[in-house]
Amino acid sequence: MKIGIASDHAGFAYKEILREYLREKGFEVQDFGTDSPESSDYPDFAHPLSEAVSDQNLEKGVAVCGSGEGMCITANKHPKVRAALVWNAEVAALSRQHNDANILCLPSRFISIEMAKELIDIFFATDFEGGRHARRVSKI
């Protein structure tokens, strides 16, 4: 599966670790930056990632910033993007099962790197349930 990953400065350290974790899991990962922990603006990285998912050049994405919120808000401005701010296992599963989320947004200041890896595993292993949820997603 081809996926993308992006972060701002607050998520940079997590992005670096998670990019390699995803590659070890067999994903083809495109890195949209940032490339350092220097102060940066999350939209500069969330927009290109989201455009690639919106255009279906990538199947899914992972976005990391301090709260996860900035990346999520920015990503959801793009057609066909359903970004989900995820902080625990249940939300990770439900974001896929009920909302067919295609960008996982993680809050680096509020979860451990171990939890981030667990959430990635759940997000990418969980299928969309369809059914009544498909009707709802189609209304977005």
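The model is predicted, so local features need pLDDT of at least 70 and side-chain atom pairs count only at pLDDT 80 or more, while totals for chains, interfaces and linings use all residues. Residues are numbered from 1 along each chain as its sequence is written, and side-chain values use heavy atoms, with hydrogens and water left out.

In soluble globular proteins, nonpolar side chains tend to be buried together. Here, a nonpolar core is a set of buried Ala, Val, Leu, Ile, Met, Phe, Trp, Tyr and Cys residues joined through side-chain atoms within 4.5 Å. Buried means under 20% relative accessible area, exposed means over 50%, and partly exposed is in between (1.4 Å probe, protein chains only). The largest core has 23 residues, and the ones that touch the most other members are Leu18, Leu22, Val62, Leu106, Ile120 and Phe124. At least two residues each come from β1 (2–7), α1 (12–24), β3 (60–65), β5 (103–107) and α5 (113–125). With six residues, α5 hands over the largest share of this core. These helices and strands are DSSP runs numbered from the N terminus (helices: H or I, at least four residues; strands: E, at least two).

So who meets whom? Contact means heavy atoms within 4.5 Å. Setting aside neighbours within four places in sequence, Leu18 is in contact with Ile5, Val64, Leu106, Ile113, Ala116, Lys117 and Ile120. There is also a second, separate core of 17 residues, with Leu49, Met71, Ala83 and Ile103 among them.

Leu49 and Asp100 are 51 residues apart in sequence, and their C-alpha atoms are 17 Å apart in space.

Ile5 counts as buried because its relative accessibility is 0%. Beyond its neighbours within four places in sequence, Ile5 is in contact with Lys15, Leu18, Arg19, Leu22, Val29, Gln30, Asp31, Phe32, Gly33, Leu49 and Val62.

Now for the cysteines. A disulfide is a covalent bond between the sulfur atoms of two cysteines, and the cut-off used here is a pair of cysteine sulfur atoms within 2.5 Å. The structure holds zero disulfides. For Cys65, the nearest cysteine sulfur is that of Cys105, 7.4 Å away. Cys72 is in no disulfide either, and its nearest cysteine sulfur, also that of Cys105, is 4.0 Å away. Cys65 counts as buried because its relative accessibility is 3%, and Cys72 counts as buried because its value is 7%.

Most residues other than glycine have a negative phi, and most peptide bonds are trans. Gly33 and Thr34, however, are joined by a cis peptide bond with omega of about 5 degrees, and Thr34 lies in the loop between β2 (28–31) and α2. Gln56 is not a glycine, yet its phi is positive, at about 65 degrees. Gln56 lies in the loop between α2 and β3 and counts as exposed because its relative accessibility is 60%. Lys80 also has a positive phi, near 70 degrees. Lys80 is found in the loop between α3 (69–75) and β4 (83–85), and counts as exposed because its relative accessibility is 54%. Gln56 and Val81 are 25 residues apart in sequence and 9.7 Å apart in space, C-alpha to C-alpha.

Gln56 and Lys80 turn up again in the lining of the largest pocket, together with Val53, Leu58, Glu59, Lys60, Arg82, Arg96, Asp100, Ala101 and Asn102. On a 1 Å grid over the protein atoms alone, a pocket is an open set of points where a 1.4 Å probe fits, with protein on both sides within 12 Å along at least five of seven lines; lining residues have an atom within 4 Å of a point. About 180 Å³ of space lies in this pocket, where volume is the space filled by probe spheres set on the points, and points are joined across faces, edges and corners. The lining divides into three nonpolar, two polar and six charged residues.

Terms used:
Ala, Val, Leu, Ile, Met, Phe, Trp, Tyr, Cys and Pro count as nonpolar, Asp, Glu, Lys and Arg as charged, and the others, Gly among them, as polar.
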